[in-house]
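Here are my notes on the model you asked me to look through.

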Amino acid sequence: MTPPTLHDVYAARERVAPHMPRSPLLRHPLLDEATGLSIWVKHENHNPTCAFKVRGGLNLVGAMTLEERARGIVTASTGNHGQSLGLASRIHGVTCTVFVPDGNNPDKNAAIRAYGATLEEGGKDFDEARERCEARAKQTGARYVHSADEPLLIAGVGTYALEVFEELPNADVIFVPLGGGSGACGLITVRNALGSKAKIIGVGAVNADAVYRSWKGPERVVGTSANTFAEGVATRVSFDLPFSIYKQYLDDFVQLTEDELAAGVRLALKTTHNLAEGAGSAAIAAAYKLRDGLAGQRVVCVMSGGNIDAAKLKWVLGS
């Protein structure tokens, strides 16, 4: 697999733009006041599927050949990636089957079905659902779309990075949730190509630390669990293509506890009046955690998604 280039990101924008507007990059005075920082929030939660991954799906499906479209798509997801491919497949007339783990976010499951995709539940977590999906692809010959090991997905989500650097070219620090890694790698691709000096900091969960340990240490590791309510960062493994990018170019990586992730959801709701999921508010939670070292800098926080279900929201607000 070849990492995407800036040219690929510009090509992706041509496929993505007809189906969605630019997402806003906004200042929120209450958030600045709560953190003592100057923060710009990139509201990917305002996208058609309420998450950044819609950009990748629109680019990948839009670039598929007629032969690939005839075979249909299979993929594994905890929700936002599945919604992305479901919407893009509906637009382009492609059949799509999404594998999710048992107990997956019910609202995300419902949204995937609403976009016209077939949903198959099974496995204790994302990685087991992914293994079932890969077996189905081998059996049927359908186009398997990995949630991260796809240059077209990274180029697609990289379109939000273009928007950030076009609107705030002098950004100093960008916080981005990091699970599979496509969002972080889109930022890295654009940042490096444009020559920006912005630091890109990934944000993950203490309870799903395999990606962090793989980035930090000398060897890639496989975790035994990914027991976090922030399903967007709930993975036990790192993936080849994005890992090859963020291992080399990510500037730092912050881990958050479940309490810190929950506090991030509450902080987003209180200071931006946006309802963010656990991974979606992880960036502002990380900025709050590191606020003492960020004074005077222009900070961007990627609010990657807003698809939190009612049960998790009830827990978060009551915790």
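1. Arg-220 lies over the face of Phe-243, at 4.6 Å from the ring centre. Another such case involves Arg-27, whose charged end sits over the ring of Trp-40, 4.4 Å from its centre. A charge counts as sitting over a ring if NZ of Lys or CZ of Arg is within 6 Å of the ring centre and within 35 degrees of the ring normal.

2. A word on the ground rules: this is a predicted model, in which local features need pLDDT of at least 70 and side-chain atom pairs count only at pLDDT 80 or more, while totals for chains, interfaces and linings use all residues. Residues are numbered from 1 along each chain as its sequence is written, and side-chain values use heavy atoms, with hydrogens and water left out.

3. How many aromatic pairs does the structure hold? There are seven. The rings of Tyr-212 and Trp-215 have their centres 6.2 Å apart and their planes at 40°, so this pair is tilted. For the cut-offs, rings of Phe, Tyr and Trp (its six-membered ring) pair if their centres lie within 6.5 Å; planes under 30 degrees apart count as stacked, over 60 as edge-to-face and the rest as tilted. Tyr-212 and Trp-215 both belong to helix H10 (residues 210-216), three residues apart, which is about one turn of the helix. Helices (H or I, at least four residues) and strands (E, at least two) are DSSP runs, numbered from the N terminus.

4. Tyr-212 also forms an aromatic pair with Phe-253, this one edge-to-face, with 5.3 Å centre to centre and 80° between the planes. The pair links distant parts of the chain, with Tyr-212 in helix H10 and Phe-253 in strand E9, 41 residues apart. Are Tyr-212 and Phe-253 buried or exposed? Both are buried, where buried means under 20% relative accessible area, exposed over 50%, and partly exposed in between (1.4 Å probe, protein chains only). Trp-215 is buried as well, at a relative accessible area of 12%.

5. Strand E9 deserves a look of its own. Four of its five residues (252-256) are buried, so the strand is largely enclosed by the rest of the structure. Strand E8 (residues 199-205) runs parallel to E9 and is joined to it by five bridges; two strands pair if DSSP finds at least two bridges between them. Within this pairing, Val-203 stands opposite Val-254.

6. Gly-204 has its place in strand E8 and is buried, with a relative accessible area of 5%. Which residues does Gly-204 touch, not counting those up to four places away in sequence? They are Leu-178, Phe-253, Val-254, Gln-255 and Leu-256, with contact meaning heavy atoms within 4.5 Å.

7. On to an open sheet of four strands, with parallel pairing and the order E5-E4-E3-E6. Its edge strands are E5 (118-121) and E6 (143-145), each of which pairs on one side only. The twist averages 20° from one strand to the next. Strands E3 (residues 73-76) and E4 (residues 96-100) pair over four bridges, and Val-74 stands opposite Thr-97 in E4. Helix H6 (residues 106-114) lies across E4 and E5, running at about 145° to E5. Axes here are lines fitted to C-alpha atoms, for helices over the stretch in contact, and angles run from 0 to 180 degrees between N-to-C directions.

8. Where does Ser-23 lie? Ser-23 is in the loop between helix H1 (6-16) and strand E1 (25-27), and is buried at a relative accessible area of 2%. Leaving aside neighbours within four places in sequence, its contacts include Lys-42, Asn-47 and Glu-163. The side chains of Ser-23 and Arg-55 are joined by a polar contact of 3.3 Å (a pair of N or O atoms within 3.5 Å; within protein, one must be able to donate a hydrogen and the other to accept it, and residues adjacent in sequence count only if both atoms are side-chain atoms).

9. Two backbone angles to check: phi of Cys-50 is near 65° and phi of His-273 is near 60°. Most residues other than glycine have a negative phi. Cys-50 lies in the loop between strand E2 (38-43) and helix H3 (54-63) and is partly exposed at 30% relative accessibility. His-273, found in the loop between helix H12 (258-272) and H13, is exposed at 64%.
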